[in-house]
Amino acid sequence: MAKKQKEYKPSRRELAYEEHRKSPEYAAIDTKSMTLVIRENETTVAALEKAQKTAKVLSLVLTYLFLGFMALIVIFPFYWMIITSLKSTTEIRASQQTFFPQAVLWSNYVKVFQSFDFVTYLRNTLIVGIISTIGTLITTIFAAFAFARLEFKGRDFLFAVLLATMMIPGEMMVITNYITVANFGWLGNVVGVFTSMIVPFWVSVFYIYLLRQNFKQIPNELYLAAKVDGKSDWSYLWQVMVPLGSPTIISIFILKLMGSWNSYVWPNLVANKQEWRLITNGLRSSFTSTSGEPEYGLQMAATVLVTVPLLLLFIFFRKYIMKGVGRAGIKG
Amino acid sequence: MIKKNNWKAWLYLGPVIILMAVFTFYPLISTIGIAFLKDYNYLTQSSKGFTFENFGVVLGLVGTEYQGTTYYMTDVVKYAIPNTLIIVFVTVPLSTIISLLIAVGLNSIPWFKKIMQTIFFIPYVTNAIAVGMVFAVLFDYQGIINFITGQMGTPWIDLGASQTRAMIALCVYIIWHALPFKILIFLSGLAGIDKQYYDAAKIDCASKFRTLTKITVPLLSPQILYVLITSFIGSFKEYTAVVGLIGRQGTSAGSKNMYTVVYYIYDTIGNNQVQYGSAAAVLLFLVILAFTALQFWVSKKRVYY
Amino acid sequence: MNKIKKLIPASVLLLGALVGCAKPTSSSSSAPREDPYKVPSDYVPFAGNIQDIEATIDFWETFGGGTAPNATFANAIVAEFQKRFPKITVNLVNHNSYPAIYSDLSNAIPAGTTPTMAICYPDHVASYMSAGAVENLAGYMADPVIGLGVDDKTEAKTKDDFIKAYLDEGVEYKQNGVYSLPYSKSTEVMFYNKTIFDAKGWQVPTTWDELWDLCKTIKEDPTTPAGVTPLGYDSDDNLFITYCQQAGIAYTDINNPHYLFNNDKAKAFVTNFKEKYDKGYFLTKGSSANSSYTSTQFTNQTLYMTVGSTGGTSYNYTDQFSVGVAGIPQVDTNSPKVIQQGPSVCIFKRATTAQKQAAWLFYKFITNSANSGLLASMTGYSPVRASSYETDFWKDFTGSSATGAAGLTVSVLDYVAKNYSNAFYTSPAFKGSSVARTEVGGLFSSVLLGTKTVEVAFQDAMSACALIKDE
């Protein structure tokens, strides 16, 4: 038989109950005609069902209250971002903060469109983001597969080493990478600069680990069954594992895309011409007054313009993430 | 029955290994090397020899002599290390538990599911500056938090705030920020759990609590482990939250009472004192490594794939 | 640098011709140095036709994007320059702030990706020079064909036309030579609530003693509202450094040992100011809640006087009351000292000869009399050339009865031109000078707020500075 995975250990009570269920006495019980005696009061199945229903409603209400409360907490800064984008700078800097703009300044948005090269930065960010994300997805899927399913010498050691690289703060590596990229000669031309914004980040141990966890949950039996059928690893990966792991893979897609969208330090360093810059850089530089004070209203307006597409993206992909993927494939 | 797939595995891992060798291992080794260099100059990339003293300086054990007085650098030991530890041991367990409860709750409600799921993702798309501004307003002297707790006029994160109060505000901020990612991970993990397990539980009249602890948590354990490991590692490296909320190294100008280890490292890079930052990074790495190894050992019996 | 002080001709006409001859006192006690303007031996004089210089240069700047006045100005200048020198292309590359440009250049130097020219502070340049990355401009200045004062399309006048104090900042480095040249300069002035001063018949103070007396009067006046503090001084570090300069207290030195501020006189003055702070006479930005700018507090009328940068003049304007302009308080009005700040330009060695020459030409053009004056009128920074004050444009600009924030800018520029010419000082720039500045600002705030005692504050500040190893 197949190798057993880690077993779920039932408690003694459960074992006893299991035993009881196998006995003939149990089979002879006719539940429909029984009356239950609870605390010397007679009650019927109907009353019990009602009690259960109340409990269910109560827990539902509590859940909604809890979620509602957390949702308010969670959404408040976003709301603040939007109203700040409609305020004037003086109102923002005032000591008494207002919860709704005194004067709604749609003009902030107009100014944003006029003042920075929105379209260029957007295009750059999209190019970098999408190629980055696709590249990461590919390397992540391969690596997670190798770590989750394939047996090879040094697997655990290598995985530990990879994990260890997460333990060093990224800031330390920036300057060496910058010099490396300069030495490759990538910094003088368009293709090179975009390459240097994309390629170093085609590997993310963070996501490899995540997907590996997910892949490991897919039962080994499936793999062995496929092997018996004569399928290669490659086709198993793409025909079985990837579809089964799709909620996680889509999550990685969105998170990575957003990470590229929000990345600032590296692109700022590497993109030395205005027309190669990304949106994050444009956001921060475009709205500072002469003496270095940021104009928050305009910054927020630009930010809203930039984050709304991300939100829409999430809304679109949400159902694919949340869609339950059943394990029906196993039993058949 | 499964043969060793050495060469095949390395093929799958090829791109990862190559990219990491160039952009991760190589910089790591060279920056770790800097920790052992004396008087490293960032701009000329030159140094004056090999030494262990940088570690001593960072920990406040080795002093620097200047004009007859010896000065010890106590910021790391006095502020950065305790603050980092508090962040790690407070925010990670709390945010994990809260996000788990939210994820399970989201999964179980019959109506408004889509909207709620979207709402909980919003912190992830909210700009960090905006978030910092909001929290500054909420924790203001006359802000809502003080209004609710009846402490109008008491500072949380600005002048005069005690380190304790500021740390509380910081932890709230960090937890808030950490929720969406964890919720997302748990939700996609929950989506993969076969409904059959839950049906079986219903038939056996298991209570909600039992369902949660005996079925959901074990089946979600790979994701929980992932979240714990990556969160702990991430929280040891916390720095952007302090900048976002406090804006500087301390609650008042000139103070460093909100320092974290990585904030210190970041400052040394800006001040051309990279050798101290590297030393601190090496020490931090060793601590995280030990802690993570401990976590794996503890989790061996509790994670089910 | 010799400390010979020349007397300025007494005729300070309305829009005084600033042939600034006074050298600012520096806090370095060095032996006389070689002439920094001497043409370096390895300088190759320019040969050929200026119009034949062909290059594309990158200029890293911090002008803010979009419609910020600095950016608008720079873009217009670039367009005009490229018309006059069609074979030269200037690329403006924006960086978000001074710390950002400093950090980006610090990364570019070891990576070999420095631009041709960049905006910088002297503190930054000292750091770049420790890697030998900056070009000595003495040769270019004196070049017979492309130097200062030649008849070319840049219309740049001679070296003497520069405000001397601004030029001197560029030769105050450890290495002999000219390593940075002024772009636009700011200083500090005191804005005061003229409406209230006139109503109460108060005299504008000129010395610190007069100031404290006035503060006492204001605080004891029963009609003064409760939340009002008489004076706000925006920059903690400027206060510390300027006062040290005024009172002859040692702060830093260009030679080792660099950091001299841990002395009894300094501690005494800080203790004294702490007492005044406790009495509610003044505050600073660092000791204000939410680090709010003193200009904001001034326009909100919780401060009656504020000392702030001339670059931020427009933030001190309000239509709620009449804003007056005066000089910062002095220790001794016979030997006034006021800080000189603002960006300079440096050119990097790692550029081709043609690029460096092109950058030099661009620098000459953007800081010529007309352009420097234009920039000043748009921002409140002061022009770097004395002749800027002579142009018709300037006379129109200051003569016009401008109102509002522009009017305030005119008053400020006017005041600076008339009164500050021999009062400018700069602090020595060396590797670590920017840290010293941050630390003294921090120590001052800590003492005022009471979070550290004077001893501890000085100790911590010195500790941070002591860690910086000299090159």
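pLDDT is the predictor's confidence in each residue, on a scale from 0 to 100. That scale matters here, as this is a predicted model. Chain A averages a pLDDT of 79. In chain A, 85% of the residues score at least 70.

Over residues 324-332 of chain A, the pLDDT is below 50. Beyond near neighbours in sequence, this stretch still has 13 contacts in the model.

Next, the domains. The assignment for chain A gives domain 1 as 41-84 and domain 2 as 116-331. The C-alpha centres of these two domains of chain A lie 36 Å apart.

Now turn to where chain A meets chain B. The contact takes 72 residues from chain A and 74 residues from chain B. By class, the side of chain A that touches chain B has 44 nonpolar, 19 polar and nine charged residues.

Chain B also touches chain C. Here the contact takes 27 residues from chain C and 23 residues from chain B. On the chain C side, helix 2 (98-111), helix 15 (433-449) and helix 16 (454-466) each supply at least two residues. Helix 15 of chain C provides the largest share, six residues. By class, the side of chain C that touches chain B has 12 nonpolar, 12 polar and three charged residues.

Finally, the cores. In soluble globular proteins, nonpolar side chains tend to be buried together. The largest nonpolar core in this model has 217 residues. Phe145(A), Phe120(B), Ala280(B), Val125(C) and Phe362(C) touch the most other members. Helix 7 of chain B, residues 163-191, gives the most to this core, with 16 residues.

Take Val125(C) as a place to look. Leaving aside neighbours within four places in sequence, Val125(C) is in contact with Cys120(C), Val134(C), Tyr173(C), Tyr179(C), Ser180(C), Cys346(C) and Ala429(C). A second, separate core has 78 residues. Its members include Phe240(C), Val338(C), Tyr381(C) and Tyr425(C).

Conventions:
Residues are numbered from 1 along each chain as its sequence is written. Chains are lettered from A and ligands numbered from 1 in the order in which they are written. This is a predicted model: local features need pLDDT of at least 70, side-chain atom pairs count only at pLDDT 80 or more; totals for chains, interfaces and linings use all residues. Two residues are in contact if their C-beta atoms, placed from the backbone, lie within 7 Å. Ala, Val, Leu, Ile, Met, Phe, Trp, Tyr, Cys and Pro count as nonpolar, Asp, Glu, Lys and Arg as charged, and the others, Gly among them, as polar. Domain bounds come from an automatic or database domain assignment. Helices (H or I, at least four residues) and strands (E, at least two) are DSSP runs, numbered from the N terminus. A nonpolar core is a set of buried Ala, Val, Leu, Ile, Met, Phe, Trp, Tyr and Cys residues joined through C-beta atoms within 7 Å. A residue is buried if 20 or more other C-beta atoms lie within 10 Å of its own, exposed if 12 or fewer, and partly exposed in between; C-beta atoms are placed from the backbone.
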